[in-house]
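Keep the model open beside this text and find each residue as it comes up.

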Amino acid sequence: MMDFIAGCIGGVAGVLVGHPFDTVKVRLQVQSIDKPLYRGTFHCFQSIVRQESVFGLYKGIGSPMMGLTFINAIVFGVQGNAMRLLGEDTPAHQFLAGAAAGTLQCVICCPMELAKTRMQMQGTGQKKSSSKKVYKNSMDCLLHIYRREGLSGIFRGMVTTLVREAPGFGVYFWSYAMLTQSLGCEPNDSFMVPKLMFSGGMAGIASWIVTYPVDVIKSRLQADGVGGVNQYSSIADCVRKSVRKEGYMVFTRGLTSTLLRAFPVNATTFATVTLVLMYARGEEEGL
């Protein structure tokens with residue numbers, strides 16, 4: 001049970017730290033190559049703040065704030081229980097437990113990220129005063145999509161989400177375990193918290209580097225149709241058209257903002273979860 005609670009707390013902390021970077025990542029991933037609005041990560045940050053105020057960076061935060069509470073509960077809960085079932089704490093078991101956790105949380109992750117992406121794209125390139133809101137909030141966004149496209153619309157991008165999440169979380173937990181073991185993160189170590197944060201941050205970076213090309217395609221599929229016109233008929237069609245128009249570098253679009261986000265978010269999340277679990281287990285032992 002404590003795995004689930006710790007995951008919830010860690011998820012909230014991670015969203016607050018990382019959402020502005022995620023907004024920039026999505027804007028860069030899906031902007032038109034013919035008429036790009038942003039020259040790069042920092043220009044995108046500046047443009048959003050100038051045109052939409054600082055709150056523009058937090059567009060769509062409702063969806064991940066609600067969703068990541070449950071997602072992190074599922075991820076850390078399933079991973080913890082899977083490790084107990086697998087028995088021995090080995091790198092291979094860490095990867096398998098992480099992959100299982102990543103797979104199960106896709107049911108929540110996919111519609112959450114769909115709503116987040118649509119909300120983040122709303123009012124792109126428009127002045128705050130002139131932007132017309134199609135969606136009032138994340139739940140309203142999902143209801144709009146459901147009325148227009150049905151249940152399949154809510155789960156748009158599910159295949160790419162699965163392809164990203166299973167190996168991504170496998171690498172995530174495997175690399176965190178390897179780093180904490182090699183750094184010697186012991187409870188009585190005065191540098192334990194910095195070591196936990198470093199391990200978590202680097203685990204997040206490793207996970208994103210492995211899965212980022214899939215994330216680009218997922219974002220494009222989920223943003224497709226925002227302007228009223230659908231460009232892609234399938235995953236393969238999205239890959240083919242993206243590469244033909246923009247080359248293979250398309251798969252690195254928005255990577256800088258993603259990695260800038262990955263370190264603080266995952267450093268915060270993993271350190272929070274680990275400390276909450278250590279505190280809870282210490283309390284249990286003291287009873």
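A salt bridge is a side-chain nitrogen of Lys or Arg within 4 Å of a carboxyl oxygen of Asp or Glu. Asp 237 and Arg 240 make such a pair, with their closest N and O atoms 3.4 Å apart. This is a predicted model, where local features need pLDDT of at least 70 and side-chain atom pairs count only at pLDDT 80 or more, while totals for chains, interfaces and linings use all residues. Residues are numbered from 1 along each chain as its sequence is written, and side-chain values use heavy atoms, with hydrogens and water left out.

Where do Asp 237 and Arg 240 lie? Both are in helix 9, residues 235-246. Helices here are DSSP runs (H or I, at least four residues), numbered from the N terminus. Asp 237 is buried at 7%, whereas Arg 240 is partly exposed at 44%.

By the salt-bridge rule, the count comes to 17. One of them joins Asp 22 to Lys 116, with the closest N and O atoms 2.6 Å apart. Asp 22 sits in helix 1 (residues 2-30) and Lys 116 in helix 5, so this pair ties together parts that are 94 residues apart in sequence. Asp 22 is buried at 4%, and Lys 116 is buried at 5%.

Glu 52 bridges to Arg 27, and their closest N and O atoms are 3.0 Å apart. Glu 52 belongs to helix 2 (residues 41-52) and Arg 27 to helix 1, so the pair ties together parts 25 residues apart in sequence. Glu 52 is buried at 5%. Arg 27 is buried too, at 1%.

Now turn to the nonpolar interior. A nonpolar core is a set of buried Ala, Val, Leu, Ile, Met, Phe, Trp, Tyr and Cys residues joined through side-chain atoms within 4.5 Å. The largest core has 21 residues. Which of them touch the most other members? They are Val 75, Phe 76, Tyr 172, Phe 173, Leu 196 and Phe 270. Helix 10 gives the most to this core, with 5 residues. Take Phe 76 as an example. Leaving aside neighbours within four places in sequence, Phe 76 is in contact (heavy atoms within 4.5 Å) with residues including Phe 173 and Phe 270. A second, separate core holds 8 residues, among them Ala 115, Tyr 135, Cys 141 and Ile 145.

Helix 10 spans residues 255-286 and also holds Thr 258. Thr 258 is buried, at 1%. Not counting residues up to four places away in sequence, Thr 258 touches Lys 25, Trp 208 and Tyr 212.

Last come the cysteines. A disulfide is a covalent bond between the sulfur atoms of two cysteines. The search counts a pair of cysteine sulfur atoms within 2.5 Å. How many disulfides does the whole structure contain? The search finds 0. For Cys 44, the nearest cysteine sulfur is that of Cys 141, 19 Å away. Cys 106 has the sulfur of Cys 109 as its nearest, at 5.8 Å, and is in no disulfide. Cys 44 is buried at 0%, and Cys 106 is buried at 1%.

Note on methods: Buried means under 20% relative accessible area, exposed over 50%, partly exposed in between (1.4 Å probe, protein chains only). Helices (H or I, at least four residues) and strands (E, at least two) are DSSP runs, numbered from the N terminus.
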